[in-house]
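Welcome, and thanks for taking a look at this one with us. Here is a short tour, from the overall fold to the pocket.

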Amino acid sequence: MISIQKELTSHKYQTEMILTVHDELLFNTPLEEEKVVQQMVKSLMEQAVVLEVPLVAEVGRGNHWLEAHGS
């Protein structure tokens, strides 16, 4: 999460990380930043630690958390 916030700040994205729920992160993202922020978050989350098995992060989108969780 710290790495993600540093990237958001350094690139001056308007995206805001607004909530964490267990192992999920929720962002408020303008449409024009959506693709690049999704790729950045997925990459940083999958590289957060090195394990014997790969970490796989999933990205969803929606107008609210439940909708995003199902996509």
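## Contacts along the chain

Let's begin with how the chain meets itself: among contacts between residues at least 6 apart in sequence, 24% join residues at least 24 apart. Please keep in mind as you read on that this is a predicted model.

## Fold and overall dimensions

Three helices and two strands make up the protein.

Taken along the principal axes, the box filled by the C-alpha atoms is roughly 35 × 30 × 20 Å.

## Surface and burial

Of the 71 residues, 17% count as buried. The protein exposes about 5,700 Å², and 55% of that area is supplied by carbon and sulfur atoms.

## The largest pocket

Now for the largest pocket, which holds about 990 Å³ of space. Its lining takes in 31 residues, and those nearest the centre are Leu25, Phe27, Glu58, Val59 and Gly60. Two or more lining residues come from each of β2 (24-28), α2 (34-46) and α3 (65-70).

Which element gives the most to the lining of the largest pocket? That is α2, with seven residues. Sorted by class, the lining has 15 nonpolar residues, alongside nine polar and seven charged ones.

Terms used
Residues numbered from 1 in each chain as written. Predicted model: local features only at pLDDT ≥ 70, side-chain atom pairs only at ≥ 80, totals over all residues. Heavy atoms only, no water. 1 Å grid on protein atoms, 1.4 Å probe; cavity = no way out; pocket = protein on both sides within 12 Å on 5 of 7 lines; lining within 4 Å. Points joined across faces, edges and corners; volume = space filled by probe spheres on them. Helix = DSSP H or I, 4+ residues; strand = E, 2+ residues; numbered from the N terminus. Nonpolar A, V, L, I, M, F, W, Y, C, P; charged D, E, K, R; others polar. Buried < 20%, exposed > 50% of the residue type's maximum accessible area, 1.4 Å probe, protein only. Contact = heavy atoms within 4.5 Å. Areas by Shrake-Rupley, 256 points an atom, 1.4 Å probe, with all protein chains shown as cover.
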